[in-house]
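Student: Could you help me read this structure, one question at a time?

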Amino acid sequence: MMSDRSHHHTEHCAGPHDAGQHQPRHAPDSNATPRWDAQFWDERYGSSAALWSGHVNAVVRDEVATLRPGRALEVGCGEGGDALWLAAQGWDVLGVDISRVALDRAATRARETGVSSRTTFQHRDVLTWSPAAAAYDLVTVAFLHLAGDQRREVYANLARAVAPGGTFLVAAHHSSDLEVVPRPPHADLYFTAEELAADLQSGPGSWQVVTAEARPRPGHHPDGHPVTLHDTVLRARRRD
């Protein structure tokens, strides 16, 4: 599973959730797809005191700011940047991740920042776990990249967890970034908002697509020169 928190995810990328930091989370799909599993992420998180910036992903901040707080599920929460921000805005947050090292850090930060009463962190592998149906007012997943049918199955499971009237929010690396900065060279790991929206509309429930775009943001190439990156951003509201 490739999760790049260029925040994140939220932290997994470069920046408060700068895709520059993101090393996407990939799920094993075939011999051609990297196996970024629990061991990989525990070792990566363990390689430094803090892997990501700790700031909220800009997509989450901008898309969630006008929503009424309720119950939130953050998938691939990493060290907690998005989850802690959501809790500070009044959300009751369940953060799940495949890395126990990251989850321990997220829980520690929640205690240090006074939001532990609004946050719960659980060790989960989205390839084998499905959240409760219609249980959350917000389901957010940032920079979780899976190949082909795995992506469609996992994202469908996450969408089913959105309660009527709730929001499904996805941020990811856009495929156009492959021509701008180094990314794992597996085109099937990347998708557009339009592709994700089509999958959503063909699944259970009725959805209103609020945002579907390739959102530009400034970034940096590993050699240091500035570039413009694009995030796939989908925000949809479940009607029923």
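Student: Which residue with a positive phi follows α3, and what is its phi?
Tutor: Start with the name: helices (H or I, at least four residues) and strands (E, at least two) are DSSP runs, numbered from the N terminus. Helix α3 covers residues 81–88. After it comes Gly90, with a positive phi near 105°.

Student: What kind of model are we looking at?
Tutor: Residues are numbered from 1 along each chain as its sequence is written, and side-chain values use heavy atoms, with hydrogens and water left out. Local features need pLDDT of at least 70, side-chain atom pairs count only at pLDDT 80 or more, and totals for chains, interfaces and linings use all residues; what you see is a predicted model.

Student: How many residues of α3 are buried?
Tutor: Buried means under 20% relative accessible area, exposed over 50% and partly exposed in between, using a 1.4 Å probe and protein chains only. Among the buried residues of α3 are Asp82, Leu84 and Trp85. This helix is mostly covered, and the buried count out of its eight residues is seven.

Student: What kind of aromatic pair do Tyr155 and Phe191 form?
Tutor: Rings of Phe, Tyr and Trp (its six-membered ring) pair if their centres lie within 6.5 Å; planes under 30 degrees apart are stacked, over 60 edge-to-face and the rest tilted. The whole structure holds two aromatic pairs. In the pair of Tyr155 and Phe191 the centres are 5.7 Å apart and the planes stand at 70°, so the pair is edge-to-face.

Student: How far apart in sequence are the parts that Tyr155 and Phe191 tie together?
Tutor: Tyr155 belongs to helix α5 (residues 148–160), while Phe191 sits in the loop between β9 (162–173) and α6 (193–201). The pair therefore ties together parts whose separation in sequence is 36 residues.

Student: Are Tyr155 and Phe191 buried or exposed?
Tutor: Tyr155 has a relative accessibility of 4%. For Phe191 the relative accessible area is 1%. Both values fall under the cut-off, so Tyr155 and Phe191 count as buried.

Student: What are the planes of Phe168 and Trp207 like as a pair?
Tutor: Their centres are 6.3 Å apart, and the angle between the planes is 55°. That makes the pair tilted.

Student: Which strands do Phe168 and Trp207 lie in?
Tutor: The pair ties together parts that are 39 residues apart in sequence, because its two residues lie in separate strands. Phe168 is in β9, and Trp207 is in β10.

Student: Which residues have the most contacts inside the largest nonpolar core?
Tutor: A nonpolar core is a set of buried Ala, Val, Leu, Ile, Met, Phe, Trp, Tyr and Cys residues joined through side-chain atoms within 4.5 Å. The largest one has 29 residues, and those with the most contacts inside it are Tyr155 and Phe168.

Student: Which residues does Tyr155 touch, leaving out those up to four places away in sequence?
Tutor: Contact means heavy atoms within 4.5 Å. With those neighbours left out, Tyr155 touches Val141, Leu144, Phe168, Val170, Phe191 and Leu196.
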